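Hi,

Here is the model I promised to pass on to you. Please have a look at it first, and my notes follow below.

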Amino acid sequence: MAGAKPSVDLSPNVQRLASLPILTVVGTKRGDGAVQMNPVWFECHGGYFWLNSHTRRTWPKNVQRDGEALLLLVDPAMPDRFAQIRCRLVETIPDPKHEQIDSLARRYTGQAFRALEPGEERITLKLEPVKITGAEI
Amino acid sequence: MAAPVSKKMEDFAAEVYPAVLGTTRKDGSVQVNPVWFEYRDGSFWINGATTRGWFKHLKRDPRVTLLLLDPRDMFRWAQVEGRMVKSADDPGGEHINRLSHRYTGRDYQNSRDGRVWVQIEPTRISGSIDGWR
């Protein structure tokens, strides 16, 4: 994958939003087709969005089943400005040493991630933006 | 069956922040939109122009999800799964104007024509407000 570039470039406004320690709302579909939404930590580099989850959560299972996820970023200073980013799941990467979740925890809390729960396994989801819509973006 | 709304949840819904509305397009893909909302009488109420994509989606499939997220504390959030149980014209924009006062403290500044209010009855509430579930 070295050197691979995502198919959609992020505009300066989206890049600025993605650099803020704000949550993204991840929209996925449940097995019955209804929408599920979860606030999730993320980081954006290399043009991709990188999320992390406990393997037992429903939302990453939804993403893995459908191969896609929708990310919403809202500007905290101006709620009318938001980006809706349709993403394709590129890769699910095990995070056995919880390096990526620690990196995310530092981005949001300034500290390493909490101690893992018994049996907790973390995964990283690498998401490629394929279409970006929104307002004032 | 409408899901019961706890006192904690009612208090959280009375706070002022936009919700995120989740609907599905005809092709099954997910769409999310920030929306103004209010909680009243066991239901969540939103308002939109009839031309909005999300309103058309709800006419086709009344299942809807609302995410309530405290913009000042990322660990306070609730996911409301529900159904659009009723929608009707908002003549004169009375409802959108009430939402405008809730969010901006003043009259609604944009066009009040062609607006509808939508009643969402919760069927399941999850998240951190009532304890993790």
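**What I found**

For burial, the C-beta atoms are placed from the backbone, and a residue counts as buried if 20 or more others lie within 10 Å of its own, exposed if 12 or fewer, and partly exposed in between. Asp41(B) sits in the loop between S3 and S4 of chain B, and its phi is near 55°, a positive value in a residue other than glycine. Helices (H or I, at least four residues) and strands (E, at least two) are DSSP runs, numbered from the N terminus.

A word on the conventions: this is a predicted model, where local features need pLDDT of at least 70 and side-chain atom pairs count only at pLDDT 80 or more, while totals for chains, interfaces and linings use all residues. Residues are numbered from 1 along each chain as its sequence is written, and chains are lettered from A and ligands numbered from 1 in the order in which they are written.

**The sheet of chain B**

Seven strands of chain B form an open sheet in the order S2-S1-S5-S6-S7-S4-S3, with antiparallel pairing. S2 and strand S3 (38-40) of chain B stand at the edges with a single partner strand each, so one side of each has no neighbour in the sheet. Pairing here requires that DSSP finds at least two bridges between two strands. Strand S4 (residues 43-49) and strand S7 (residues 115-127) of chain B pair in the antiparallel sense over six bridges; within S7(B), Val118(B) is the bridge partner of Ile46(B).

**Where the chains meet**

On the interface, 18 residues of chain B are in contact with 18 residues of chain A. Contact means that the C-beta atoms of two residues, placed from the backbone, lie within 7 Å. Strands S1 (19-24), S2 (30-35), S5 (63-69) and S6 (77-89) of chain B each supply at least two residues of the side that touches chain A.

Pro34(B), found in strand S2 of chain B, is worth a click. Leaving out residues up to four places away in sequence, Pro34(B) touches Val74(A), Pro79(A), Phe82(A), Pro18(B) and Val20(B). Pro34(B) is buried, with 20 other C-beta atoms within 10 Å. Its C-alpha atom is separated by 5.6 Å from that of Ala19(B), 15 residues apart along the chain.

**The core**

The largest nonpolar core has 63 residues, and those with the most contacts inside it are Leu71(A), Leu72(A), Leu66(B), Leu67(B) and Leu68(B). Strand S5 (residues 68-74) of chain A gives the most to this core, with six residues. Such a core is a set of buried Ala, Val, Leu, Ile, Met, Phe, Trp, Tyr and Cys residues joined through C-beta atoms within 7 Å. Among the residues that Leu72(A) touches, not counting those up to four places away in sequence, are Phe82(A), Val20(B) and Val32(B).

In helix H2 (residues 58-66) of chain A, Pro60(A), Asn62(A) and Val63(A) are buried. H2(A) is followed by Gly67(A), whose phi is positive, near 75°.

His98(A) lies in the loop between S6 and helix H3 (99-109) of chain A. Phi of His98(A) is near 40°, a positive value in a residue other than glycine, and His98(A) is buried, with 20 other C-beta atoms within 10 Å.

Best wishes
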